[in-house]
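Please read them with the structure open.

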Amino acid sequence: MCKTLQFQFLLKIRWCIIFFLFKVILGYTQIYNNSFKTLNDSVTVSPIHGAIVLSGAHGLSVAQNKAFMYLGNGKEGKLVVLSNQKFSNTKLLDTWENTFEEVIIVELDKEEKSLKKAQLHFDTVTAIWLDGDFLSSTIKTEIKFIIGKILKSDGVIGAKGKTAESLATFLQKDGKIVRGLDILPNSMIYTNNSDKEFNEIMHTLPGIVGWNIPDKSAVAIHDGRKVSVVGYEKITLKVAANGDWPAREIFIEQPVALHYDTDLISWNRSALQRTQTIFPPKVAPIPNVESGALLIIGGSGYPKGMWERVIKYSGGTNANYVCISQSKDSYGAKQLKKLGCKNVSVYHTKTGISGINQGEDLVLIEAIKNADAVYFGGGRTYKFMDAYLNTTVNEELDNLLKRGGLILGTSAGAQIQGDFLVRGDPRTNKNIWMEGNDVGLGFLKGVVIDAHFRQRGREKKLPSLLVQHPQMLGIGIDEATAIFVKGTKAEVLGENAVTFYNLKNYNDSGNLAIEKIGNPVILRDGDIYNLELREKIN
């Protein structure tokens, strides 16, 4: 009888243990499922803004540091280090010595007031490095908002070890799976150097991408969807098996690659320039569209009523419109056709070797000879220059203006209209100037034009270039905004602003903030600027 009772007791104990384990597993699964249901599929599979650099626990090597700098505009960029660790400012500054143009250390406590002080630095930031535990912070929501803002302005966010793990959707903390800041969507980041533990965690997270980053490696996620390994230890990406689906796993290491260190064409152009008069000239020409007109647009939208104005100026819906695009179609062509224009042609600007001197294409030349207006879309400035600079098309565009025609362009199609070209570096559009690739099509001489101005935080970069060439007039055009130029007058159109910089009498006293150099004149819709006198017309 005693043995029977003892057996029944042990049996009950066994079933209790089994039931308990079942409840734990079920409860954990429900926690995961409830968390997973909050993920937005459209966000999960969308490209990311900006760039994210995740490093193993060891921290950044020299090469990884350079990659982070490159993504954050390096010597022209501004880095803010957010830390709630007990390190001295001197130690943190030493870590980032000789990296960015400006490095600011912000020590955060658990009070919101410390973050409000920090926000003073974020308007022109291009990079943020996170150092510490922000998940347990009472201001983690504000931290996440700031990170999102920097990424949307094409900045870079970086962290190492446990801080890097917190940028994931899920992470392991104190032996439990918890929600992270979800900066890298649909992810679990792991830096603990245990493949076994990583695999065990991933088996509990179906539908999540696992990132296993060893001590001395780092990964950069950039340009929307590109994943690049920097370091000589392999990182692992894994999706766990689930139901009939097998696991997917890949081991990635830094490839042996030929880096794009400089540009052959820019060097050849630079050499040829040295056989001619110096550019830009020491005395800048007066910006003047003697005949015809220019419409120079800041990108990402158009001023209200702009296309109707284009049609009216060009002679109506029966006029001839040529749209030059770097993509297969043209937004400008679509708008013109939508408004009833009958004679609209689109020409695709090729890239690479086939794009060089495309301006000798006989069909395009003939089209421009008969055109009343020519529209340049966005893209990269160097592609337009490779195709059309100093070609017959360049000459015919000048002739179009002489016979009273209109040339308009947005973004890169705006920047190329000046004679001093910005963002001509084929490796990246983050560098404002590259010698050799710095000559535009020259419809408006004596100027430097930049687009997406405030929306991409370019208020410092244009003045810093103009300090080197103070004779040139700087024009920074915000998105969805434009200037209509006839003669020496530029009329502002659109919902945002246009900033004009005059450094003719610039004196380097060292007292002015870079964005205030050149007495910037900020004009809005309906305002008119005299390009010759370099002043607003009242």
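1. The buried residues of helix 8 are covered by elements that include strand 6 (170-173), strand 7 (176-179), strand 8 (187-190), strand 9 (209-212) and strand 12 (235-239). Contact here means heavy atoms within 4.5 Å. Helices (H or I, at least four residues) and strands (E, at least two) are DSSP runs, numbered from the N terminus.

2. This is a predicted model, in which local features need pLDDT of at least 70 and side-chain atom pairs count only at pLDDT 80 or more, while totals for chains, interfaces and linings use all residues. Residues are numbered from 1 along each chain as its sequence is written, and side-chain values use heavy atoms, with hydrogens and water left out.

3. Which residues of helix 8 (residues 195-203) are buried? They are Phe198, Ile201 and Met202. Buried means under 20% relative accessible area, exposed over 50%, and partly exposed in between (1.4 Å probe, protein chains only). The three sit on the same side of helix 8 because they cover an arc of only 100° around the axis; the arc is that of the directions from the helix axis to the C-beta atoms. Exposed Lys196 and His203 are on the face turned away from the buried side.

4. Helix 6 (residues 140-152) lies across strand 1, strand 2 (78-83), strand 4 (127-131) and strand 5 (156-160), and runs at about 130° to strand 5. Axes are lines fitted to C-alpha atoms, for helices over the stretch in contact, and angles run from 0 to 180 degrees between N-to-C directions. In helix 6 the buried residues are Ile143, Ile146, Ile147, Ile150 and Leu151. Their arc is only 135° around the axis, so they are on the same side of helix 6. The face turned away from that side carries exposed Thr141, Phe145 and Lys152. Just after helix 6, Asp154 has a positive phi of about 70°.

5. Seven strands make an open sheet with mixed pairing, in the order 3-2-4-5-1-10-11. Strand 3 (102-107) and strand 11 (226-231) are the edge strands, each pairing on one side only. Two strands pair if DSSP finds at least two bridges between them. Strand 1 (residues 51-55) and strand 10 (residues 217-222) are antiparallel, with four bridges.

6. The whole structure holds twelve salt bridges, each a side-chain nitrogen of Lys or Arg within 4 Å of a carboxyl oxygen of Asp or Glu. One joins Asp425 and Arg427 at 2.8 Å, N to O. Asp425 counts as buried at 2% relative accessibility, whereas Arg427 is partly exposed at 30%.
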